[in-house]
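Welcome! Please take a moment with the sequence and the 3D view below, and then follow the notes one topic at a time.

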Amino acid sequence: MHGEVQIFRDLEQLSRQAAEQFVHLADDYQKRHNRFTVALAGGSTPKTLYHYLASTGYSERIDWSRIEFYWGDERNVPLDHPDSNYHMVQQTLLQHVPISKKNVHPIAVEKDIRHAAVNYAQLLQTQLPLVDDGIPRFDLILLGMGADGHTASLFPQSSILHDKAMVASGYVEKLKAWRVSLTFATINAADHVWILISGAEKAAAFAQLTGEHASDYPISGVRPRGELKWLIDQTVSGETYSS
Ligand code: 6PG
């Protein structure tokens, strides 16, 4: 298994530490590159991190004018739909902090989801630095993991697992729904990738990641050129947190 594993007592502690590390990384990139580009995760786990970032003690330590937010994946719904990952981030973070609309780049899937993927790839290529092979490079990508080992919207057996495009859309049979997602090509070009995992229902998949069937779990495909961190709680690791 690649990367550094940090084990926390629970989701609260994990999220507080992630918020603290976010503040420092943002400051470091803004000092060196004058901005900080982040692809945000959807789902429920990062909501607590987003709440912390928006709260006193964190929010005022972040220069929101020099952060650019993007999304790692999106559902096939309008941006104001309760299932939309953009909507979730809007509710938990964006509406509480002084960030300008021009720094926020949701994946717009109102029309055809395949067009959304192509348009988003074009946006990333024009807005972000490109690594040698023309793939956009994020400073930080936040990810989660499902109990089946999916990450972003890269699900087991998905047609887009090996897609060479930067952003792809695919039908997820188990959800009977279309999703649009960064592909491994883009995820693995990032400088930093943080995977946030909380909850006992994820423990079995996490344990498999060091076993011989690890490649059955899409998240095992996360091997960035930069740094990889797993921020997990003790229900996921199976190890008791001590400190
Ligand atoms: C999404 C995601 C997805 C998520 C995992 C974990 O759009 O749902 O980006 O990959 O991170 O499904 O979700 P939970 O945090 O809700 O368990």
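In this predicted model, three strands make an open sheet with antiparallel pairing, and their order is β4-β7-β6. Let's begin with that sheet and then move on to the other parts.

**The three-stranded sheet**
- Find its edges first: β4 (73-75) and β6 (167-172) are the edge strands, each pairing on one side only.
- From one strand to the next, the twist averages 20°.
- Strand β7 (residues 177-182) pairs with β4 over three bridges, in the antiparallel sense.
- To see this pairing in your viewer, pick Glu74, which stands opposite Val180 in β7.
- Helix α4 (residues 113-127) packs on this sheet and touches β6 and β7. The direction of α4 makes about 155° with the direction of β6.

**The six-stranded sheet**
- There is also an open sheet of six strands, in the order β1-β9-β8-β5-β2-β3, and here the pairing is parallel.
- Which strands form the edges? They are β1 (4-8) and β3 (67-71), and each of them pairs on one side only.
- On average, neighbouring strands of this sheet are turned by 20° against each other, direction ignored.
- Five bridges link β1 with strand β9 (residues 227-233) in the parallel sense.
- A handy spot to look at is Phe8, which stands opposite Asp233 in β9.

**Two helices that meet**
- Two packed helices are described by the angle between their axes and the distance between the axes.
- For helix α2 (residues 47-54) and helix α3 (residues 85-92), the axes come within 9 Å and cross at roughly 40°.
- On the α2 side, Lys47, Tyr50, His51 and Ala54 take part, and they meet Met88, Val89 and Thr92 of α3.
- Sorted by class, this contact has four nonpolar residues, two polar ones and one charged one.

**Around the ligand**
- Asp73 has a polar side-chain atom 2.7 Å from an oxygen atom of the ligand.
- With Ser44, a polar backbone atom is 2.7 Å from an oxygen atom of the ligand.
- Lys202 has an N or O atom in its side chain that lies 2.8 Å from a ligand oxygen atom.

How values were computed: Residues numbered from 1 in each chain as written. Predicted model: local features only at pLDDT ≥ 70, side-chain atom pairs only at ≥ 80, totals over all residues. Heavy atoms only, no water. Axes fitted to C-alpha atoms, helices over the stretch in contact; angles between N-to-C directions. Helix = DSSP H or I, 4+ residues; strand = E, 2+ residues; numbered from the N terminus. Contact = heavy atoms within 4.5 Å. Nonpolar A, V, L, I, M, F, W, Y, C, P; charged D, E, K, R; others polar. Polar contact = N/O pair within 3.5 Å; in protein donor to acceptor, adjacent residues only side chain to side chain. Pairing = 2+ DSSP bridges.
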